[in-house]
Every structure is written in structure tokens, then in C-alpha cells.
Amino acid sequence: MAVTLDQTIAQKQHTLLTRVFASQTFWVVIAVILACLFLSVATDSFATTKNLYNITRNITFVAIVALGMTFVIITGGIDLSVGSVLCLCSMVLAVTMHAGYGIEIGIAAAIATALIIGAFNGILIAYLGFPPFVVTLGMLSIARSLAMVASNNTVVFQFGPDHDKLLALGGGAFVFGIANPVLYMIVLALITGFVLRWTKFGRHIFAIGGNEHAATLTGVPVRQIKVAVYMISALAAGLAGIVQTGWLGAVTTNLGNGMELQVIAATVIGGANLAGGMGTAFGAVVGAALIEVIRNSLGLLGINAFWQGVFIGGAILMAVLFDRLRNFRRNE
Amino acid sequence: MSVLELANISKHFGAIQAVNDVSLSIEAGQVVGLMGDNGAGKSTLVKMIAGNFRPSHGTMQMDGKELILHKPVEARQHGIEIVHQDLALCNNLTAAANVYLGRELRRGVGPFRILDYAAMYKRAGQIFAVLKSETRPRDLVKQMSGGQRQAVAIARTMLSQAKIVLMDEPTAAISVRQVAEVLNLIRHLRDQGIAVVLISHRMPDVFDVADRVIVMRRGRKVADKTIASSSPEEVTGLITGAIEQV
């Protein structure tokens, strides 16, 4: 039977299965599952309710920030300020509540802080043409410094009249004994995934990362979208800061120090491409999970904690290696 | 009646005069070849019509009404479509996503609207069929041949009722067979009453498909005549400056 043009056009090149096997995220999921199975057999302490509760909760802070970072990285940008923004937002929340205001006002102030910082980053990058690396590096320094100014570099652990509400928000488990931060992470991941796949905004983010010039020429509002993605990234850091404050019950100006690197590592392990144009919400969460499982397992297996960096660094390189190998094969 | 009319259009970037006092009019259903050497001002002129740049001096009229464009979207709203030289494609997106880039179809109610993948795949597939191109709407552009990429860029101009299509070097980097296809497509657009401006370096293409040729040199229009009354030799002379002006 002759193949008509219509049939050719209607044909799908990839089935669902080939796409799954071709995705970096899939292999990272396999790695996480294998690691968990191995640890369940090799140690008595891994597959305990308490340890799993801890792991899932620890994943969340990096994962929530990584969700925001995913937007920025898909556009081909980078946000190095997230760790400091997380700290500043935590501190704004803590100081506001310590001063006697309610939790609603505290959270509103923290979110407003995040959005202002994100807008500041975004406007410098999108409208004044600053390189994202430089702007957010500057903000990394500025935000942490402001957190020190706000708290006079002290530890805040009393949150005024709504003290207990805040601790319940971050440390409690409202549904089925699942830690609250995990619930927030799941909800935010679903929202992120939806926005990236099903909205015009999400489509335009990928377009900017793929070919910014083309996006501009076809009438995509590139500048506004860039400002928006940096605001989303800062907002994610702010939300993580609020939840983490409630979980820890105390804020120091050290909070989130160096977190930007963990977050970027999580997104890259999860399949985001720092050159832009690629990334998923699921990947960001899975990447954060792999890092946390590695961290947790080293402790359980009795390996010196100094080795942590080697294993996490190795995971980053392995994840990207898979991607490179696939590209080599395609090019040949 | 002319679809598009430019009157004394100039554009300078600082001290550089890219386009200098150019007037021209383009009729419906006419293919106009716009020729000139690199740096003659062709692309700048096109970018002004496309809404990427605003003219420093002069006015543009469309269907007798003054045309002022602040951004590319506005040009599109007036029925001006552009096929850019670099095609302006995103390699990480599918063919259909590229066709609909900047004007995605959505379904839903009010602010709750999601991308309508099915409709975009379907319509893009129909356009590729009209173009007789073996381009599949779901394929990623990064895996495509030069001709397929061209088809994606051209398919964009067929989404809406275009009055004028500007093509910047559409035949520069594709195979001989694909060139013939692109020229056929240009005729197809013309037969629908669309005015096509073909910017090209390739003399055979222009003389094959165009009704009129406009030659630019150093930002000025040096010739504007029918293909029948010109010759490749004359146009070459005009481009290089061997012939001053006609």
C-alpha cells in the first residue's frame, strides 16, 4: 500500500514508551528506587516510618525551591539568590511575628519581600540586559545581608501570638500523617507541571529557552515573562522559607546558606538543561529526592559525612552523562 | 490599489544610515523581488514593515490608512506576516508549537484556558498537507531537514488571513528540490491575492517568480521596475553599482 502524505503527517514519531525511556528523569527515578531498595535490604534503619518521614520532609525544601528554579532554568537563566532570599523571607516572617503581628501579616510580608526581590532581579535582567548570573550573585549577597540587618544577626525563635499556628503550619501533619511540607511540595509540583505543560505562559517559557530571538520575533512578550520567572523563583524560595521557619521553630541568618547549589543540582539531575529549553516539575522533585536519598544513605551506612559532596557531585555528573551519551548516539 | 505604501522612509542607527528616503508601493496579488547586496538596507526595511523597528522618518500606509507599528504583534494584526531569514524557530518545540508560537490556540472558559494541543496538531497538519510538505506536526524542529524547517516557518503565515507576506531569503539554505517547492508556495500565496515581498540574493528565483523587482544599494532604492522590462544583467549592475540608477 502506498503511503500518502496525509498518513506521513499524521504519524507520531515517538510512542509514549520510547519517550519515557529517552528521558533523563526516568533513569533518575530508577536510580532513586534502586537506592531505596538497596538501603531497605542493607540497613534496618532505612525503611522505618520515622526515617521515611524525615527523608520526605527533607526533600521538600530543596524541591519547592527547585520548582521555582525550573522556570528560570528553562528560560536559559539562573537564580543564585534563592538561598539568601529564603533566609530573608524567613527572617521577615519571624521578625514581623515576633513584633506581635499575626501569622497572616507575617506571611504576607514574607511573600511581598520575595516578589519584590524577584521583580528587581527580573527587571535588571530583562529590561537592562544584565547577565542573570551577575544580578542574582549580587542579590545573593544583598538578601543575606538584609536578613542580618532585619534581625540584628540574632536567632529568632519566638513568633508572637500566633507562634503555635506557625509551628503547626510547618511542622504538623494535617492529612494522613504526611508531613505538611510534603503536601505543599506535592501541590506546588502539580501546579508547576500544569503551568509548564498546559498554559500559554509555560509554552512561551520553553520558547524563550529554545530561541529567545525567535520568541521575540514571533511576538512572545519575552521581557514580561522573564520578570515573571524570576518572581516565581523568588516566590518559591519565600514559600520554602515560610514552611521551613515553621518546621525549625527558629530562624538564624545562616538559613539556606549554599542552598542555591543544591537546588540547581536537583533541577539538573532531574533533566533540566542549563542552556535552556528543557526541564520538568517532576524532574525537579526527583532530583531533590535523589540528593536527599544519597545524603541519608551515607549516614545510615556509616560512611563519613565528608564524602557527601563526592557522591552528590558524582550524581550530577552521572545524570548529565546519560544525556550526553544519548546525544552522541544521535549525532553519529 | 496598493496594499502597502511606504513614503520617504528612513532609518538610522546612530550615525549609520541604514535606509535612506525609500518610497514604494506593493499591490495585492503581486510578487515583488527585493534585491541588494549585504548591508544595502533590505533587512532593515523589512524589519520596519514587520514592526521590529520604527522608521526614523517617513510614513507607512496600509489600505490607505496610516500604519504605525510598535511591535511585531501589531504588524501581524494588520495582516503582515514575516518569514525570517533564520526562520525564527525554537528547536526544542514541536512543529505545531512553532507554527502557533505567539498565538497558541486555547480552550476553556474565561481565565481558565489551557492549550488546545489537538486542534493545533490538526490545523498544522492540514497546512503542511496544503504545502505538500512531509512535515509532521508532532516532530521536534531540531530533528528536521532544512526544507521541513522552511515549511514550518511558512506555515505560520497561513494561520490567518494575511494581506502581505515578507520572506527574508527563503531559498538561501535549502536543496534545489526544496527551492522549487518554496517558489511554488509563493505562487500559491499570490494566487490567493496575497502580496509577497521576496528578499533574495538568488537572481534565478526572483526572475522565476516575481512580477516586479526593487533594487537597493547603500540604503537607497535605485530601481523599481517590472521583471519583463529588466534583466538579470541589469539588476546585477544595479546591485554592484556598475549601473547608478534607472
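1. Of the 246 residues of chain B, 48% count as buried. The coordinates come from a predicted model, and the points below should be read accordingly.

2. Chain B is built from 8 helices and 12 strands. Its radius of gyration is 18 Å, close to the 18 Å given by the globule rule for 246 residues, so chain B is as compact as a globular protein of that length. Contacts within chain B reach across the sequence. Among those between residues at least 6 apart, 65% join residues at least 24 apart.

3. Chain B contains an open sheet of 6 strands, in the order E6-E9-E10-E3-E11-E12, with mixed pairing. Strand E6 (80-83) and strand E12 (220-226) of chain B form its edges, each pairing on one side only. On average, neighbouring strands of this sheet are turned by 15° against each other, direction ignored.

4. Within that sheet, strand E3 (residues 31-36) and strand E10 (residues 195-199) of chain B pair in the parallel sense over 4 bridges. B:Gly33 has B:Leu198, in E10(B), as its bridge partner.

5. Two helices may be described against the sheet. H5(B) packs on the sheet and touches E6 and strand E9 (164-168) of chain B; the direction of H5(B) makes about 175° with that of E6(B). Helix H6 (residues 176-191) of chain B lies across E3, E9 and E10 of chain B, and runs at about 150° to E10(B).

6. B:Thr135 deserves a separate entry. This residue is placed in the loop between helix H4 (117-130) and helix H5 (146-157) of chain B. B:Thr135 counts as buried because 27 C-beta neighbours lie inside 10 Å, the cut-off being 20 or more. B:Thr135 and B:Val152 are 17 residues apart in sequence, and 7.8 Å apart in space from C-alpha to C-alpha.

7. The contact between the chains takes 25 residues from chain A and 28 residues from chain B. On the side of chain A that touches chain B, the elements giving two or more residues are helix H1 (5-10), helix H10 (200-210) and helix H11 (212-217) of chain A. H10(A) gives the most to this side, with 6 residues. By class, the side of chain A that touches chain B has 10 nonpolar, 11 polar and 4 charged residues.

Terms used. Residues are numbered from 1 along each chain as its sequence is written. Chains are lettered from A and ligands numbered from 1 in the order in which they are written. This is a predicted model: local features need pLDDT of at least 70, side-chain atom pairs count only at pLDDT 80 or more; totals for chains, interfaces and linings use all residues. Two residues are in contact if their C-beta atoms, placed from the backbone, lie within 7 Å. Ala, Val, Leu, Ile, Met, Phe, Trp, Tyr, Cys and Pro count as nonpolar, Asp, Glu, Lys and Arg as charged, and the others, Gly among them, as polar. A residue is buried if 20 or more other C-beta atoms lie within 10 Å of its own, exposed if 12 or fewer, and partly exposed in between; C-beta atoms are placed from the backbone. The radius of gyration is taken over C-alpha atoms; the globule rule is 2.2 Å times the number of residues to the power 0.38. Two strands pair if DSSP finds at least two bridges between them. Axes are lines fitted to C-alpha atoms, for helices over the stretch in contact, and angles run from 0 to 180 degrees between N-to-C directions.
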